[in-house]
Amino acid sequence: MTHRQILEALSGLLLVLFVAMISGTIVSVALPQIIGALEGNQSQYTWVVTASLLASTASTPIWGKLADLFNKKLLLQISIVIFMVSSLACGFAQNTGQLIAFRAVQGLGMGALQILAQVVIAAMISPKERGRYNGYLGAVMAVATVGGPLLGGLIADTSWLGWRWCFFIAVPFTIAAFALLAKTLHLPTVRRANVSIDYWGATLIAAGVSILLIWVTFVGNDFDWLSWQTAAMAGGGVVLLALATWVESVVREPVVPLHVIRRRTPALAILASLAVGMAMFGGSVFLGQYFQIGRGFSPTEAGLLTIPMMAGVLLSSTISGRMVSNTGRTKPYILVGLVVLLAGFAGLSTIDHETSLVLISVYMLAVGIGVGMSMQNLVLVIQNTVPLSEIGAASGAVTFFRSLGGTVGVSVLGAVLANRVATSISEGLVKAGIPAGGDAAAAGGSLNIAALPEPVKEIVRSAYGDATGHIFLISTAIAAVGLVAAAFLKPARLRDSLDLPAPPAKEEAVAGA
């Protein structure tokens with residue numbers, strides 16, 4: 001393909017990649033209004049996010065393997081259709097159950113689009129030439145990250161649009177991208193010989209994690225910690241994950257390559273990435289809710305208030321990336337980033353419904369800087385320690401665990417927040433002299449704040465504002481685990497060669513013997 005043909009096809013790829021990425025961030029700020037309009041509760045709020053993350057995490061490796069077997073353009077078009085139809089369905093959802101189900105399907109499309117866009121770019125552009133096009137990818141990611149919450153808040157606040165357009169807006173863009181790619185993208189079908197797709201491993205991992213997350217959501221409310229439901233769900237989840245580990249050890253091309261993550265440096269980097277994913281996804285999802293429900297801001301204002309964290313991610317990742325390239329060292333920047341991340345979450349753990357917005361902005365900026373300095377550099381650490389033939393598997397493993405960490409983080413922190421809020425609302429109603437079993441108490445569990453009586457509204461706002469600090473305390477502990485893991489990484493300089501240097505002849509002879 002000529003430079004012009006590449007740019008034409010790349011425009012369609014970047015458009016669909018932008019829509020896939022923004023679909024996650026555009027909902028974050030509008031979600032309190034969405035769940036309130038559908039009369040949902042805090043647990044359902046969490047699962048609207050968790051369902052798409054889990055489906056995307058589990059399906060991404062499979063889509064990557066399918067691209068080695070079938071026509072890449074056809075797979076990309078199928079994934080665009082899945083994403084478009086599911087986005088349309090999300091917009092027409094009549095209750096939270098339907099929305100969660102449609103978001104899971106949307107997650108399949110999101111995972112497919114993100115991995116297939118990278119696969120198509122790799123098949124279309126040589127590694128030597130790929131650098132000149134990476135700037136376009138970076139710009140798309142930056143606009144989607146920063147612009148998503150702002151656009152979602154603005155749509156939710158616009159009376160003649162409403163929250164449903166947070167999902168409908170993806171449809172015209174995906175149609176345009178489909179037509180553009182159909183006309184401009186021309187790739188030969190190259191099938192890699194002996195490709196093995198690990199359906200069982202991906203299914204068992206997704207099922208095991210899902211059961212454990214469902215257990216975390218309902219334990220303590222619908223049933224006790226010591227009960228047959230706990231034994232069945234927690235035990236079943238552990239058994240499924242144990243089976244998944246066995247499957248991954250025997251299949252030829254596993255979703256999670258155990259031979260890579262057994263090594264010290266990749267294992268520690270993956271553990272740190274898992275912690276960063278849990279802390280980042282879990283924390284950021286609930287900030288929009290804090291600003292709207294806990295502080296009473298509109299969706300647009302909440303989107304504007306999250307800018308410090310997004311700006312911190314973009315600036316620190318760009319600056320630290322250049323410094324790493326100049327010095328050839330990654331560990332110092334990862335450690336500094338995780339210390340700043342820890343400090344940011346420690347600050348956010350002190351907030352309540354009256355904390356100064358200036359202080360909150362400083363804490364969010366610190367979280368963003370910490371994530372930007374550590375996340376991509378942890379991937380670089382792994383890529384630097386494995387041979388060229390294993391870079392794909394190692395990079396896929398760290399991305400998989402980071403996304404999985406985000407899924408677990410959102411679910412666990414959401415369950416803790418729901419329990420804390422329920423307790424605080426009950427105590428607040430009792431202090432206000434409102435019967436704990438009355439209609440007002442039942443209404444207190446709803447996220448439709450505008451429909452609540454004024455005394456109950458203030459109690460609910462205070463409960464959410466105060467409880468949010470407690471979940472960031474958990475994020476602080478998770479970030480501390482990541483810092484400890486990163487501290488044990490071996491200091492190493494980034495290699496100049498594409499592949500690891502071959503061992504000397506003497507070492508080869510000893511290894512052979």
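A: Happy to! Let's start with C166, which is buried because its relative accessible area is 4%; buried here means under 20% relative accessible area, exposed means over 50%, and partly exposed lies in between, with a 1.4 Å probe and protein chains only. C90 is likewise buried, at a relative accessible area of 0%. The structure holds zero disulfides, a disulfide being a pair of cysteine sulfur atoms within 2.5 Å.

A word on what you are looking at: this is a predicted model, where local features need pLDDT of at least 70 and side-chain atom pairs count only at pLDDT 80 or more, while totals for chains, interfaces and linings use all residues. Residues are numbered from 1 along each chain as its sequence is written, and side-chain values use heavy atoms, leaving out hydrogens and water.

Stepping back, the protein has 19 helices and zero strands; helices (H or I, at least four residues) and strands (E, at least two) are DSSP runs numbered from the N terminus. Of its 513 residues, 50% are buried.

Another buried spot is P266, in helix α11 (residues 264–294), which counts as buried because its relative accessibility is 3%. Beyond its neighbours within four places in sequence, P266 is in contact with V260, I382 and T385, where contact means heavy atoms within 4.5 Å. P266 and V379 lie 113 residues apart in sequence, yet their C-alpha atoms are 9.0 Å apart. Across the protein, 83% of contacts between residues at least 6 apart in sequence join residues at least 24 apart.

Among the buried residues of α13 are G312, S316, S320 and V324. An α-helix has 3.6 residues a turn, so residues three or four places apart point the same way. Just after α13, G328 takes a positive phi of about 75°.

For contrast, F178 sits in helix α7 (residues 170–184) and counts as partly exposed because its relative accessibility is 32%. What does F178 form with V81 and V85? Together these residues make a nonpolar surface patch of about 230 Å².

Technical notes
Patches are made of residues with over 30% relative accessible area and no salt bridge: like charges are joined within 9 Å, nonpolar side chains (Val, Leu, Ile, Met, Phe, Trp, Tyr) within 5 Å. Accessible areas come from the Shrake-Rupley method with a 1.4 Å probe; for residues, only the protein chains shown count as cover. A salt bridge is a side-chain nitrogen of Lys or Arg within 4 Å of a carboxyl oxygen of Asp or Glu.
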